Amino acid sequence: MTQELNEIPWSEPLLPPDIDPAWEAELKRRGGNGSEVDRRIAPSPWLREACLGINTGQASEIPAHLFNVAALVTSQENACRYCYGANRAYLKMLGYSEAYIRRIETEAHLAELNDKERALIAFCRNLARSRPRPARAELEGLVRLGYTLAAAHELALWIALGCFYNRVTILLAVPPEQGFEQWVLAKRFRLMLMGPVMRLLAERRRRGKRDPQATAETLGAGDYGTVLRPLAGLPGARVMKGALDGAFASPVLSRAVKALMFAIVARSLDCRPSEAEARRLLAAEGYSEAEVDKALSTLQSPKLSQSEARLLPWVRDTVHIQTAQAQSRTRELAAAIGGPAALEAIGVAALANATVRLAMLLE
């Protein structure tokens with residue numbers, strides 16, 4: 001069951017802000033906003049790049065209003081107080097009424113939306129929830145309703161990236177952007193009058209062209225390339241590829257524990273192609289099939305250090321995330337392994353959940 005905004009439990013931030021003037025300047029230059037999230041993930045080069053790519057990303061196949069509705073629904077379904085509040089306020093800034101937003105949240109009859117748009121909302125909820133496990137048939141259902149295959153792929157990609165961002169903010173317990181939320185509330189009547197202009201500007205900001213550099217060959221090279229290959233041409237595809245390449249190249253955690261984290265998420269969501277790719281990575285790290293089987297069944301591996309071994313049972317709890325429990329267990333984890341390793345683990349867990357959810361639809 002989805003939760004109301006004020007019902008979502010939220011703890012104190014896991015990590016303090018890391019003020020990096022050079023990165024703050026880079027964020028502004030590239031269209032970022034220096035948010036509470038940006039300041040807490042700044043120590044991780046690959047993670048901060050991935051989150052910036054999500055915040056400034058563009059879509060070539062779906063209109064901005066559906067992009068924004070998808071972000072709202074995904075964050076609500078994941079019970080992410082930070083993202084849910086920010087997305088809600090953003091829709092109001094674009095002039096959407098409280099009544100319109102409430103109808104989306106409660107899944108009441110949406111007079112302003114057609115069958116295609118209502119199907120999109122259901123698709124967002126099902127993929128974010130992944131209980132029961134979504135399948136390619138759901139993506140094909142969007143195509144039958146009139147979405148192009150490229151548009152359906154793009155929707156799946158951005159919902160998966162939304163799940164990634166939601167988990168980063170949940171596990172870090174990032175403080176809500178209350179200043180922004182309160183500003184929107186104070187200006188709500190003026191913003192409703194300015195809605196058409198604001199929506200036009202938002203459409204221009206989010207509307208992108210197909211990316212000629214996101215070729216099937218480029219996306220298919222590297223870890224989990226088989227998941228990314230069908231996204232060829234989509235402007236958001238290289239955000240996901242950059243995150244995967246950066247995460248597996250990062251030295252903060254071993255490649256073995258990262259591959260095991262992906263394998264555990266894949267097994268939890270019954271995604272055989274994702275698990276097979278994780279097993280391929282683990283074989284390169286010297287793991288036998290029997291050792292992988294035992295790690296997946298016991299959530300233990302004697303090949304890992306004591307600190308990295310803690311990540312295996314922890315990551316399974318990030319699949320069907322319960323906010324209060326996840327934040328509490330992540331706080332315990334950070335106390336045991338330290339802030340830098342915890343930040344890396346949060347990024348990897350979020351990325352594994354996004355990648356496997358995308359793979360389930362494209363397999």
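This is a predicted model: local features need pLDDT of at least 70, side-chain atom pairs count only at pLDDT 80 or more; totals for chains, interfaces and linings use all residues.
**Helix pairs at a glance**

Two packed helices are described by the angle between their axes and the distance between the axes. The table sets out these values for each pair, along with handedness.

| Pair | Crossing angle | Axis distance | Handedness |
|---|---|---|---|
| H9 and H22 | roughly 155° | within 8 Å | right-handed |
| H15 and H22 | about 135° | 11 Å | left-handed |
| H4 and H5 | roughly 150° | within 8 Å | left-handed |

**H22 and its two partners**

Let's start with helix H22, which spans residues 339-362, and helix H9, which covers residues 149-172. With a crossing angle of roughly 155°, H9 and H22 are therefore roughly antiparallel to each other, as angles over 145 degrees count as such. On the H9 side, the contact uses His153, Ala156, Leu157, Ala160, Cys163, Phe164, Arg167, Val168, Leu171 and Leu172. Their counterparts in H22 include Leu343, Ile346, Gly347, Ala350, Asn353, Arg357 and Leu362. By class, the residues of this H9 and H22 contact are 16 nonpolar, three polar and two charged.

H22 also packs against helix H15, residues 237-249. The angle there is about 135°, so H15 is oblique to H22. From H15 come Met240, Ala243, Leu244 and Ala247, which meet Glu344, Leu351, Ala354, Thr355 and Leu358 of H22. This contact of H15 with H22 has seven nonpolar residues, one polar and one charged.

**H4 against H5**

How do the axes of H4 and H5 cross? They do so at roughly 150° and come within 8 Å, which means that H4 is roughly antiparallel to H5. Asn68, Ala71, Leu72, Ser75 and Gln76 of H4 make the contact with Cys83, Tyr84, Asn87, Arg88, Tyr90 and Leu91 of H5. Six nonpolar, four polar and one charged residues take part in this contact of H4 with H5.

**The largest pocket**

Which residues lie nearest the centre of the largest pocket? They are Asn33, Asn55, Ala86, Asn87 and Arg206, out of 29 residues that line it. The largest pocket holds about 820 Å³ of space. Two or more lining residues come from each of helix H3 (45-56), helix H4 (64-77), helix H5 (81-93), H9 and helix H12 (195-206). The lining of the largest pocket comprises 15 nonpolar, eleven polar and three charged residues.

Some names link these parts of the model. Asn87 belongs to the H5 side of the contact with H4, and Asn87 is also among the residues nearest the centre of the largest pocket.

Note on methods: Residues are numbered from 1 along each chain as its sequence is written. Side-chain values use heavy atoms; hydrogens and water are left out. Axes are lines fitted to C-alpha atoms, for helices over the stretch in contact, and angles run from 0 to 180 degrees between N-to-C directions. Helices (H or I, at least four residues) and strands (E, at least two) are DSSP runs, numbered from the N terminus. Angles under 35 degrees count as roughly parallel, over 145 as roughly antiparallel, 65 to 115 as roughly perpendicular and the rest as oblique. A crossing is left-handed if the near helix is turned anticlockwise from the far one by less than a right angle, and right-handed if clockwise. Contact means heavy atoms within 4.5 Å. Ala, Val, Leu, Ile, Met, Phe, Trp, Tyr, Cys and Pro count as nonpolar, Asp, Glu, Lys and Arg as charged, and the others, Gly among them, as polar. On a 1 Å grid over the protein atoms alone, a cavity is a set of points where a 1.4 Å probe fits but cannot get out, and a pocket is an open set with protein on both sides within 12 Å along at least five of seven lines; lining residues have an atom within 4 Å of a point. Grid points are joined across faces, edges and corners, and a volume is the space filled by probe spheres set on the points.
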